[in-house]
Amino acid sequence: MKIRKLGSQGLEVSQLGLGCMGMSDFYGGRDEAEAVATIHRALDLGVTFLDTADMYGLGANEELVGRVVRERREWVTVATKFGIVRGADGSARGINGRPDYVREACDASLRRTGLDVIDLYYQHRVDPAVPIEETVGAMAELVSAGKVRYLGLSEAAPETIRRAHAVHPITALQTEYSLWSRDPEAAILPTVRALGIGFVPYSPLGRGFLTGQLRTPDDLAADDTRRNHPRFQGEAFQRNLDLVGEIGAMAAEKGCTPAQLALAWVIAQGEDIVPIPGTKRRRYLEDNAGALAVTLSGADLARIDAILPPGAASGARYPDATMATIDA
């Protein structure tokens, strides 16, 4: 496992991370023993960059990650997030970026994880009611207090990123990016590169669609939130499935899985990019790690670009209500 520099403030992480959200929320089915085993296996493989958030499982995911990480803390970089507020029943209640909430959320995350310091602390979504300068100013105070090492933003627009970075150096921007979500290439990637900010793609496998494992919407559990996503519905599902079929055919030619090909493409987009594919099972983790052995030539990259150019995927990446929270 190689190491990549994330941002220009000194943070170094494994070139592949692990998204832990699905272990506790959203994608249906829970198996805590397998989740714990998956995190341990990730660390054994050298995947030492773990991603969680306070809203995943209403804090349960932070507790899960914290229990495992405390046993092997010296090898692990933990990233968590604040800002999406949910009710006790899991319903979304909005976005909060007020300074007092930033401080309260950080203390709560430290308690749940049992860690002395959060390595990378993201604002999960930008609060349109609070100037970004105020939110990041409060985050900067957490760095000064020794509670947080590095700061990040998630799904922030270029102008927001620039304003935030002027208050305190931003180490990483986390945004959805994959073969079927290439919007960041237009303005976000140029912005973060100009500022020396690392880029962390979440859902680099298209929420599992790019793995080729999903053949119909019925392959998703009844309580899987992807059933509500436009790309997983109706005619869009079939059109996207046809594109994935072409990726699968290319992967077979190269002797790798579709997931490995899709991840290798993301990794090849720059040394400043560290994807965090999420999984809750060891077998998928190991398959994802195999992407590091896949080499893509210029001809390979051109062929992939022809199959899935920007805008090729059918349907929005989130339902309308969720898209409204993106700082576009």
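Helices (H or I, at least four residues) and strands (E, at least two) are DSSP runs, numbered from the N terminus. The structure shown is a predicted model, in which local features need pLDDT of at least 70, side-chain atom pairs count only at pLDDT 80 or more, and totals for chains, interfaces and linings use all residues. Residues are numbered from 1 along each chain as its sequence is written, and side-chain values use heavy atoms, with hydrogens and water left out.

**View A. Leu-58 in the loop between β4 and α2.**
The loop that holds Leu-58 runs between strand β4 (49-51) and helix α2 (60-69). Leu-58 is not a glycine, yet its phi is positive, near 55°. With a relative accessible area of 42%, Leu-58 is partly exposed, a class that lies between buried (under 20% relative accessible area) and exposed (over 50%), computed with a 1.4 Å probe on protein chains only.

**View B. Glu-155 in the loop between β9 and α5.**
Glu-155 is placed between strand β9 (148-154) and helix α5 (158-167). Its phi is positive, at about 55°, although Glu-155 is not a glycine. The relative accessible area of Glu-155 is 3%, so this residue is buried.

**View C. Cys-106 and its closest cysteine sulfur, in Cys-20.**
A disulfide is a pair of cysteine sulfur atoms within 2.5 Å, and a search of the whole structure finds zero of them. Cys-106 is buried, at 0% relative accessibility.

**View D. Cys-256, a buried cysteine.**
The relative accessible area of Cys-256 is 13%, which means that Cys-256 counts as buried.
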